[in-house]
Every structure is written in C-alpha cells, then in structure tokens.
Amino acid sequence: MDLYHAREHLHDLARLLELMLGDHREAWLAARLGELGDGDVPALLAAARELPLTGAKAGALDTALGYLENNAHRMRCQHFRSLGMFAGSGAVEAGCKAVIGQRLKLSGMHWSQPGATGILTLRCQQASGRWEEIWPQPRHQSGAA
C-alpha cells in the first residue's frame, strides 16, 4: 500500500470518529498521519481504539481498523525509505508511463496482446539494464582455428 492510499484510509477513519473527536479531529488526524509516516501503525491503531463507539459505528471502526491491521506490514514507510525504496506510487506510475506509454501508446499504434507482451518485456529489460538475463552473449574462444 502506498503512502497516499494509507493516508486516505486515515482520513476516512477520522471522518468516522468525527463526533467523538469534535474540535480535536484535525490534531488527532495530524498525530495519526505522523505515526503512519514513522511506521508506527500499532500506535495509530491504539489511538483509534481508545474512543468508545457502539452500534453500527463500532462495527465500521472494527472494519476500518481490521483493514489497517491486515495491511500494517505494507505501511512501514520509514523502514522502506531506509532501504532506499519509495513510499508513494508516483515513481512507479512515472516508470510505467515512461517504459510502457512511450512505446505502446504512440499515435496510430495497434498491438495484439502477444506483440505488446513481447515489446514490453524487451523495454523493461532495457530500462533495467539486465539484458544478460534474457539475451545471453556467446563466449568467444580466442586462438581457436
């Protein structure tokens, strides 16, 4: 889950808890967004559970928190950044646009699925600089006649 979508879920959670939070909604949401950015999903779950809800709202809260709990391993933004990874989907979307869109979506182009698959495989390999994995070069023996 990218950071944008995780934040979206937190905004939905804050809307759900709006009546309980009252004037503190924005401050509560800012604190939870900070915890998400730090990768502290347990803290944001605990903060949401502190609010006593009953009835349908309690069920909706359980659903929302269940989603966050089940995806907590995907929301470790700080950890992913420390590994040099992106926490948002923008870099991936831009890469797709550059690698795929530049070749497949040019004016007047029509592709069959096998043709598109083939050209995309080659484009991805070229972009990754890993040609040797799909196109091994023969070894040349020197001095043999």
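**Entry 1: charged pairs**

I note at the outset that the model is predicted. I began with aspartate 12, which forms a salt bridge with arginine 15. Their closest N and O atoms are 2.3 Å apart. Why can these two reach each other? They sit three residues apart in helix α1 (residues 3-16), so about one helical turn separates them. I looked up the general rule too: an α-helix has 3.6 residues a turn, so residues three or four places apart point the same way. Aspartate 12 is partly exposed, at 40% relative accessibility. Arginine 15 is also partly exposed, with a relative accessible area of 43%.

I then searched the whole structure and got five salt bridges. Another of them joins arginine 32 to glutamate 35, with 2.7 Å between the closest N and O atoms. These two are three residues apart in helix α3 (residues 25-38), about one helical turn. Are they buried or exposed? Arginine 32 is buried, at 10% relative accessibility. Glutamate 35 is buried as well, with a relative accessible area of 16%.

I also looked up arginine 25. Its salt bridge partner is glutamate 26, and the closest N and O atoms are 2.7 Å apart. Arginine 25 is buried, at 12% relative accessible area, whereas glutamate 26 is exposed, at 53%. I asked which residues are linked with them in a network of salt bridges. The network is made of Glu18, Arg25 and Glu26.

**Entry 2: a patch on the surface**

Leu122, Trp131 and Trp135 make a nonpolar surface patch of about 310 Å². I located tryptophan 131 in the segment after α8 (113-128). Tryptophan 131 is partly exposed, with a relative accessible area of 35%.

**Entry 3: the core**

How many residues does the largest nonpolar core have? I found 23. Those with the most contacts inside this core are Leu13, Leu17, Trp28, Leu61 and Leu68. At least two residues of the core come from each of α1, α3, α4 (41-49) and α5 (55-70). Helix α1 gives the most, with six residues.

Leaving aside residues up to four places away in sequence, leucine 13 touches Trp28, Ala48, Leu61, Ala64, Leu65 and Leu68.

**Entry 4: leucine 10**

I stayed in helix α1 and picked leucine 10. Leucine 10 is buried, at 1% relative accessibility. I listed its contacts, again without residues up to four places away in sequence: Leu29, Arg32, Leu33, Leu36, Leu44 and Leu68. How far is leucine 10 from leucine 33, in sequence and in space? They are 23 residues apart in sequence and 7.3 Å apart in space, C-alpha to C-alpha. Arg32 on that list is the arginine that pairs with glutamate 35.

**Entry 5: helix α4**

Last, I asked which residues of α4 are buried. They are Val41, Leu44, Leu45, Ala47 and Ala48. Seen down the axis of α4, these buried residues fall within an arc of 160°, so they line one face of the helix. I then looked for what covers them. The cover includes α1, α3 and α5.

Methods
Residues numbered from 1 in each chain as written. Predicted model: local features only at pLDDT ≥ 70, side-chain atom pairs only at ≥ 80, totals over all residues. Heavy atoms only, no water. Salt bridge = Lys/Arg side-chain N within 4 Å of Asp/Glu carboxyl O. Helix = DSSP H or I, 4+ residues; strand = E, 2+ residues; numbered from the N terminus. Buried < 20%, exposed > 50% of the residue type's maximum accessible area, 1.4 Å probe, protein only. Patch = residues over 30% accessible without salt bridge, like charges linked within 9 Å, V, L, I, M, F, W, Y side chains within 5 Å. Areas by Shrake-Rupley, 256 points an atom, 1.4 Å probe, with all protein chains shown as cover. Core = buried A, V, L, I, M, F, W, Y, C linked by side-chain atoms within 4.5 Å. Contact = heavy atoms within 4.5 Å. Arc of directions from axis to C-beta.
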